[in-house]
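Subject: Structure handover

Hello,

Please find the structure below, followed by notes on what was found in it.

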Amino acid sequence: MNEEQVHDFTLSKEEILEEVMNEYGKEVLYIAYSYVKDHSLAEDIAQEVFVRFYQRYDSFRGDSSLKTWIIRIAINQSKDHLKKWETRKLLFTNKLSEWIQESRSRWPESQTIHREMGRELHSRLLSLPIKYREVLFLYYYDELKITEIAECLEININTAKTRLKTGKEKLQKMYPKGVHHDG
């Protein structure tokens, strides 16, 4: 969905919501998952994001791109969810590690090394502190520019650059010396 479609007054609010969900649904889900590390919770948060988008669509001024605005909503919803859990002092388990363990035991021998390395990288990325994880995720998975990341996270551009650099370094330290990995 492009910015012109957002301001296309011939589309109903429901049609715009459907377009936005189709265009950004996976990204919103991935962002939520990167925070809560639980697929079902991420799905709930993604639904909340699109409800919030629908409720606040009329207030979108176009100061940022639609993608940046929706990602900002997703980040805020994810952080709000974590705060709720923290205030109730409830712990949630890391379903990802369980899923990876179960998946590995069922993978056929012919599975490519590249795919396993990708899952390993993903798992290690999720083990980083959130301030590095979110920047790396937005940079590599959502392919946002540093300025867009800074805007989404409401941080200084230099802070975003530093977190990206530090996050890369922390991720590299998780790999033993001499082991080749992509990324």
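Contact here means heavy atoms within 4.5 Å. The model is a predicted one. The notes go residue by residue.

Thr-68
By that definition, and leaving aside residues up to four places away in sequence, Thr-68 touches Glu-148, Glu-151 and Cys-152. Thr-68 is part of helix α4. Its relative accessibility is 3%, so Thr-68 counts as buried, since buried means under 20% relative accessible area. The side chain of Thr-68 also makes a polar contact of 2.8 Å with the side chain of Ser-65.

Lys-79
Helix α4, which covers residues 66-87, also holds Lys-79. Is Lys-79 buried or partly exposed? Its relative accessibility is 29%, and therefore Lys-79 counts as partly exposed. With residues up to four places away in sequence not counted, Lys-79 touches Tyr-35 and Glu-134. Tyr-35 is 44 residues from Lys-79 along the chain, and the C-alpha atoms of the two are separated by 7.4 Å.

Tyr-140
Helix α7 runs over residues 130-141 and includes Tyr-140. Tyr-140 counts as partly exposed because its relative accessibility is 41%.

Regards

Conventions. Residues numbered from 1 in each chain as written. Predicted model: local features only at pLDDT ≥ 70, side-chain atom pairs only at ≥ 80, totals over all residues. Heavy atoms only, no water. Helix = DSSP H or I, 4+ residues; strand = E, 2+ residues; numbered from the N terminus. Buried < 20%, exposed > 50% of the residue type's maximum accessible area, 1.4 Å probe, protein only. Polar contact = N/O pair within 3.5 Å; in protein donor to acceptor, adjacent residues only side chain to side chain.
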